[in-house]
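Subject: Structure handover

Hello,

Here is the structure we talked about. Please open it alongside this note. My findings follow below.

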Amino acid sequence: MENMQYAEELVREFLVFRGFTSTLKAFETELNTDIGKGFQVEKILDLIFTEYIPKFQAEKLIALLRYFKQCFSSSETVLVATLSKLEASIFRYYIVHAVRSGKLDRVREFFEIIGSELLQKGEDWTPWFGITYLKNPSIEPQFRIYFSKDWFDALCLSVRNFLSRIFDSTRIPSLLKISSEKNTISNLRRDVKQLNLKLSQLQAALEEKETQLRQFRSDGALMKDTNSSRYDVFGISPESAISPKDSLEIYSPITYTSETKNKFQNLNVTGAAMSSSNVTMSCADCDSISAVNLAAGNGNGDTQQVYQQGFYNGGKAAIAQEEQEFSEVKVSFQETFLGHTSPISRSRFSASGNNIASASLDGTVRIWTYDSSISATRNATIYCGAEILSLDWECKSDRLLLIGTADRGIKAWNVDAKRVVCDLSTPQTFKRVLDIKSSPVEPIFVSAAASGGFGPSSTDIMGYASLTVWNMRTWKAMTVLPLGEDPPAITSLCFNHNGKILAASAVDGMIHMFDMSAGLQITGWPAHDSAISSIHFGPDETSIFSLGSDGKIFEWSLQNQGRVLWSTDCSRFCNPENSKHYRREMVLDATGRRLLVTSDSVRSPIYQVRGYKNSLKTLPHSAAITTVDWHPTLPVFLTGSADHSVRVTSIL
């Protein structure tokens, strides 16, 4: 019967839906006077032994027991007989309690109400009609046991056990089964999520092992080829093999004639392409080929000393990179939300992943959930009156949603209270709140606002930047992070795990790093030739990913600043002209191995970071994909589209 409350909510919802207001009022009245207490055993026991009997409410006590006899009249004969015996014991305890309290008038009143009915049940009630005339009935042999504490405890236990047994065996109405089935589905989905998470972890471990195995095989094949085939970098054929005697001098200086020198001068030793009839080399091959060093002339005129420190295998190292293949992602389930009436601009999972906030260009934010087992009490629609440029959930809970608009507005929405708890404004100069990020540790958030402007470039369009740190307890600005004079607009923000470091990307291609405890910029470097649309710390926070408006993606080392650990180009999925109108997004999954990117196509790419497996592509929308996000723990992602829809997809 624990599902009774949920069933009552369904009845209320149905009556409101049908407009049966009179029936709803009658239903509420009946609920307020429900003597059965929703068949909750403990509440019924409290009603009998702590309210009706101590307060001598005989009529209510009799009505309650008659109600139960009527409810269970169709049950087994044994249960009905047991209920009658318990009823008699409860009535006797009422009489005993009244006598013990000196309320003999209450005993007479009780017999006036139900005395005739009790006499019809049997002769064992006859002595009880004279109990008020006994001087000390507690010592009378026939009444002594009823005045003992052991009998009272046994009575309470018997009533509790009986009610529990009879409620559990009662036929459950179909309406109550809905809640039971809902709980069963919820448990099954929870198990599926846990299994998907475990599967994702196992797949990540398998990919890592496969990567290591491929690397070992690649290194072994390269060593084998190097030993079996040695070519001179100047095109010397294998027929002119070096004799064993000459091979002892392979690392000694070699003197070349003017002809050879001219041939050498045509060689780009800085890592540019080097070609011959059967050799092609690019800078990507520099790690797998032998280096060639030039020594300065030693006074011998046109002669130079060349130190050859290895050999170049022209057949294996020069493999043209083929266009990356994208397989369609394998899906376990997909849900589509169609609550918006204009293109989606932003969409984010909450900190737990239970709720989703999605915004559209018409200034509307909707909070919803894709899992039917999760309560929908937080679902809401927020009308902001301006274009939504940024969204972010409070990191510690799902309680607060931060919203940044194009008219200087920053709103904090409390999902439990379903209201705006704070409405802030940026300075008049900085109207567009391009990004908002809350700290994972402290009750603060940072807003990146831009002045906006006019001009042909993205820098001119975005204008200048302002980074403000806000306190989420006082809802006041704490400080403005230094960016220098007339800094280009900041497009994306990202905190590290402890909130001590803030990364910010700008439209001039720079990445800035701030120490939040000191409120100062600690480093920065030029990362792109174009505006940066999105940045994210890597899973172990030894690297940071950046996405340029031209579609180039880089993973930068934070231990060796300026070093690129991994890169890819998703320009085939983006039109640079569209970057002037909306910012692109990328996001890493919980394992840090899959990178999801927005797309001007109906599908988005999912890149395997530093992996040998082919990249994936999402199932299609009917228009461009404008926003993406990953679930914080599960292999589930969402995509928002210009077709007004938001999809949640769980992958295998």
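The axes of helix 5 (residues 77-100) and helix 6 (residues 104-121) come within 10 Å and cross at roughly 155°. That crossing makes helix 5 roughly antiparallel to helix 6. Angles under 35 degrees count as roughly parallel, over 145 as roughly antiparallel, 65 to 115 as roughly perpendicular, and the rest as oblique. Axes are lines fitted to C-alpha atoms, for helices over the stretch in contact, and angles run from 0 to 180 degrees between N-to-C directions.

This is a predicted model: local features need pLDDT of at least 70, side-chain atom pairs count only at pLDDT 80 or more, and totals for chains, interfaces and linings use all residues. Residues are numbered from 1 along each chain as its sequence is written, and side-chain values use heavy atoms, with hydrogens and water left out.

Helices (H or I, at least four residues) and strands (E, at least two) are DSSP runs, numbered from the N terminus.

**Helix pairs**

Helix 5 and helix 6 cross in the left-handed sense. Left-handed means that the near helix is turned anticlockwise from the far one by less than a right angle; clockwise is right-handed. On the helix 5 side, the meeting residues are E87, F91, Y94, I95, A98 and V99. Helix 6 brings L104, R106, V107, F110, F111, I114, L118 and K121. By class, this contact has eleven nonpolar, no polar and three charged residues. Ala, Val, Leu, Ile, Met, Phe, Trp, Tyr, Cys and Pro count as nonpolar, Asp, Glu, Lys and Arg as charged, and the others, Gly among them, as polar. Contact means heavy atoms within 4.5 Å.

Next, helix 3 (residues 41-52) and helix 4 (residues 58-71). Their axes come within 11 Å and cross at roughly 160°. Helix 3 and helix 4 are therefore roughly antiparallel to each other. Helix 3 passes helix 4 in a left-handed crossing. I44, L47, I48 and Y52 of helix 3 meet K60, L61, L64 and F68 of helix 4. The classes here are seven nonpolar, no polar and one charged.

**Strand 34**

Which residues of strand 34 are buried on each side? V646, V648 and S650 are buried on one side, and R647, T649 and I651 on the other. In general, side chains in a regular strand alternate between the two faces of the sheet. Six of the six residues of strand 34 (residues 646-651) are buried, so the strand is largely enclosed by the rest of the structure. Buried means under 20% relative accessible area, exposed over 50%, and partly exposed in between (1.4 Å probe, protein chains only).

Strand 34 has these partners. Strand 7 (residues 331-337) runs antiparallel to strand 34, joined by six bridges. Strand 33 (residues 636-641) also pairs with strand 34 in the antiparallel sense, over five bridges. Two strands pair if DSSP finds at least two bridges between them. S650 is the bridge partner of F333. S650 is also the bridge partner of V636. Strand 33 and strand 34 form a hairpin with four residues between them, and H644 in the turn has a positive phi of about 80°.

**Other strands**

Strand 26 (residues 552-557) and strand 27 (residues 564-569) run antiparallel, joined by five bridges. I553 has T568 as its bridge partner in strand 27. This hairpin has six residues between the strands, and G562 takes a positive phi near 95°.

Five strands form an open sheet with mixed pairing, in the order 6-31-30-29-28. Strand 6 (326-328) and strand 28 (586-588) are the edges, each pairing on one side only. Neighbouring strands of this sheet are turned by 25° against each other on average, direction ignored.

**Two buried residues**

G499 lies in the loop between strand 20 (490-495) and strand 21 (501-506). G499 counts as buried at 9% relative accessibility. Leaving aside neighbours within four places in sequence, G499 is in contact with S439, P440, V441 and M516.

S360 is in strand 9 (residues 356-360). S360 is buried, with a relative accessible area of 0%. Not counting residues up to four places away in sequence, S360 touches H340, S342, P343, I344, S345 and I388.

**Whole chain**

The protein chain has eleven helices and 34 strands. Buried residues make up 43% of its 652 residues.

Best wishes
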